[in-house]
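Open the model in your viewer and keep the selection tool handy. We will go from stop to stop, and at each one you will hear what to pick and what to look for.

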Amino acid sequence: MNTGLNLPPRVTERAFARLAEINEGGPARPLRVAVAGGGCSGFQYDIRLDEAAEDDLVLSGAGQRVVVDPVSLPFLAGATIDFADELIGARFTIDNPNASSSCGCGTSFSI
């Protein structure tokens, strides 16, 4: 893990805008970005709407919140959380400087 990079993750305006669209017309639920063991490369991202826990890091923008639990935080240090709408599909993406390799699906990585 890139321990020299202790910056919190960053969320792009595009990701906050997409989260606002998802939450439109209902209560604004935070987007949880977590790291779990598994996937084809050793770790995988778990990205879902959830409630914030007391010990979560909360990243706010455009009236929306993205939350990261303290266990996942070191794996996401300096990462950029974005939203991509491409020919293969639309999804939240993670550009993670700590990942030494990642899977073609973009949801699993190794350190």
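**First stop: the aromatic pairs**

Start by selecting F75: with a relative accessibility of 19%, this residue counts as buried. The scale used throughout is relative accessible area with a 1.4 Å probe on protein chains only, where buried is under 20%, exposed is over 50%, and partly exposed lies in between.

A word on the ground rules before moving on. You are looking at a predicted model, in which local features need pLDDT of at least 70 and side-chain atom pairs count only at pLDDT 80 or more, while totals for chains, interfaces and linings use all residues. Residues are numbered from 1 along each chain as its sequence is written, and side-chain values use heavy atoms, leaving out hydrogens and water.

How far apart are the ring centres of F43 and F75? They are 5.1 Å apart with the planes at 45°, so the pair is tilted. Phe, Tyr and Trp rings (for Trp, the six-membered one) pair if their centres lie within 6.5 Å; planes under 30 degrees apart are stacked, over 60 edge-to-face, and the rest tilted. F43 sits in strand 3 and F75 in the loop between strand 5 (64–68) and strand 6 (80–86), 32 residues apart, so to speak of the pair is to link distant parts of the chain. Helices (H or I, at least four residues) and strands (E, at least two) are DSSP runs, numbered from the N terminus.Next, select F83 and F92, both of them buried. Their ring centres are 5.2 Å apart and their planes at 70°, so this pair is edge-to-face. The count of aromatic pairs comes to two.

**Second stop: the salt bridges**

Select R32 and D56, whose side chains meet in a salt bridge at 2.6 Å, N to O. The term means a side-chain nitrogen of Lys or Arg within 4 Å of a carboxyl oxygen of Asp or Glu. R32 lies in strand 2 and D56 in the loop between strand 3 and strand 4, 24 residues apart. Are R32 and D56 buried or exposed? Both are buried.

Within it, the side chains of D46 and R48 meet at 2.9 Å, N to O. D46 is partly exposed at 27% relative accessible area, and R48 is partly exposed at 36%.

Then pick R29 and E51, another salt bridge, at 3.3 Å from N to O. This one joins distant parts of the chain: R29 is in the loop between helix 1 and strand 2 (31–37), E51 in the loop between strand 3 (43–49) and strand 4 (57–61). R29 is partly exposed at 33%, as is E51 at 47%. A search of the whole structure finds seven salt bridges.

Select residues 13–23, which form helix 1, and colour its buried residues A15, F16, L19 and N23. Look down the axis: the buried residues fall within an arc of 95°, so they line one face of the helix. That arc is taken from the directions from the helix axis to the C-beta atoms. After the helix comes G25, with a positive phi near 85°.

**Last stop: the core**

Finish with V11, L31, V33, V66, L76, I81 and I94, which touch the most other members of the 18-residue largest nonpolar core. Such a core is a set of buried Ala, Val, Leu, Ile, Met, Phe, Trp, Tyr and Cys residues joined through side-chain atoms within 4.5 Å. Helix 1, strand 2, strand 5, strand 6 and strand 7 (89–95) each give two or more residues to this core. Centre the view on V33: leaving aside residues up to four places away in sequence, its contacts (heavy atoms within 4.5 Å) include D46, V66, L76, I81 and I94.
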